[in-house]
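Good morning, and thank you for joining this group meeting. Please look at the sequence and the structure on the screen while I speak.

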Amino acid sequence: MGHCHNCQGATHVCASTVPIFASLGTSELLEINSLIQSAEYAKGELLFVEGDTSTHLYIVQSGQVKLYSVSPDGRQQILRILKAGEFFGELALFQETKQYCFAEAMEESSLCLLGQADFQNLLQEKPSVALALLQAMSARLFQAERFIGDLTLKTVEERLISWLLMKAQTGVKVHNGARISLELSREELAHLLGTTIETVSRRLSSLQAEGLLTLSGHRSIVIRDLGRLEALLARS
């Protein structure tokens, strides 16, 4: 487990960056300051493993965390990737349950942890936070259901194109396209899309050969024609 300590000054910043706490004022954020602990994790360090007892809400203060499951033959399937300001572990706040997946720091990361009882009290005292949590969980349910549909109904290339189009929404716009930065390695992207690194590399090379994108090293992709890419997915 990463080094854990009282968050103090950093917690106010941590809580204020999370959408579910957006309704709280400065004094209220300071109130929960004493309830939160912070923990530092090195790249590759596990926050918890499948089967561990769930006891906290985790808030990513800095860095990046992936949630994933592992098949009996050792294949990894990434379920979600969380960045600064995002949270996970909320299921433990409402029921006695075990962790259903693994959580691993993808880079050096700082997390803020809020205990089950403290967060339940906060939800009872602050209905606006409870409503925001429901909205966030509803959005996640929608994303999870779409993700399941993609894994079961779409081909690997279709899943890859969907992911590229999603990334392009926040990428740097260029003529007819966008430049996107990849936080994931080829292997991690394969684990997210439910395939192998070889297949991801072949599909990216194929899209490049068709003039739809240009690979710029391992961490950047320029999508040359968003319209053609969208049309390719629409025809699938």
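Leu-91 is partly exposed, with a relative accessible area of 38%; buried means under 20% relative accessible area, exposed over 50%, and partly exposed in between, with a 1.4 Å probe and protein chains only. Leu-91 sits in the loop between strand E7 (87-88) and E8. Helices (H or I, at least four residues) and strands (E, at least two) are DSSP runs, numbered from the N terminus. Between the C-alpha atoms of Leu-91 and Ile-221 there are 35 Å, and along the chain these residues are 130 residues apart.

A word on the source. What you see is a predicted model, in which local features need pLDDT of at least 70, side-chain atom pairs count only at pLDDT 80 or more, and totals for chains, interfaces and linings use all residues. Residues are numbered from 1 along each chain as its sequence is written, and side-chain values use heavy atoms, with hydrogens and water left out.

Let me turn to the aromatic rings. A pair of aromatic rings is described by the distance of the centres and the angle of the planes. Rings of Phe, Tyr and Trp (its six-membered ring) pair if their centres lie within 6.5 Å; planes under 30 degrees apart count as stacked, over 60 as edge-to-face and the rest as tilted. How many aromatic pairs does the structure hold? The structure holds four. One of them joins Phe-48 and Tyr-58, a tilted pair with 5.5 Å centre to centre and 55° between the planes. This pair links distant parts of the chain, with Phe-48 in strand E3 (residues 46-48) and Tyr-58 in strand E4 (residues 56-62), ten residues apart. Phe-48 and Tyr-58 are both buried.

Tyr-68 and Phe-102 also form an aromatic pair, and this one is stacked, at 5.3 Å centre to centre with 10° between the planes. Tyr-68 belongs to strand E5 (residues 64-70) and Phe-102 to strand E8 (residues 102-105), so the pair ties together parts that are 34 residues apart in sequence. Tyr-68 and Phe-102 are buried. Over the face of Tyr-68 lies Lys-66, at 5.2 Å from the ring centre; a charge sits over a ring if NZ of Lys or CZ of Arg is within 6 Å of the ring centre and within 35 degrees of the ring normal. Ring pairs also link Phe-48, Tyr-58 and Phe-88 into a cluster.

Next, the cysteines. How many disulfides are there, counting pairs of cysteine sulfur atoms within 2.5 Å? The count comes to zero. Cys-101 is buried, with a relative accessible area of 1%, and Cys-112 is buried at 0%.

I now come to the helices. Two packed helices are described by the angle between their axes and the distance between the axes. Axes here are lines fitted to C-alpha atoms, for helices over the stretch in contact, and angles run from 0 to 180 degrees between N-to-C directions. The axes of helix H5 (residues 156-168) and helix H6 (residues 186-193) come within 10 Å and cross at roughly 110°. H5 and H6 are therefore roughly perpendicular to each other; angles under 35 degrees count as roughly parallel, over 145 as roughly antiparallel, 65 to 115 as roughly perpendicular and the rest as oblique. Their crossing is right-handed, a term used if the near helix is turned clockwise from the far one by less than a right angle, whereas anticlockwise is left-handed.

The axes of H5 and helix H7 (residues 197-209) also come within 10 Å, crossing at roughly 70°. H5 and H7 are therefore roughly perpendicular, and the crossing of H5 and H7 is right-handed.

Why is H6 described as largely enclosed by the rest of the structure? Seven of the eight residues of H6 are buried, among them Arg-186, Glu-188 and His-191. Ala-190, in helix H6, is buried with a relative accessible area of 1%. Ala-190 and Asp-52 lie 26 Å apart in space, C-alpha to C-alpha, and 138 residues apart in sequence. After H6 comes Gly-194, whose phi is positive, near 75°.

Finally, Leu-232 is found in helix H8 (residues 226-235). Leu-232 is buried, with a relative accessible area of 19%. From Leu-232 to Glu-158 the C-alpha to C-alpha separation is 8.6 Å, and the two are 74 residues apart in sequence.

Conventions. A disulfide is a pair of cysteine sulfur atoms within 2.5 Å.
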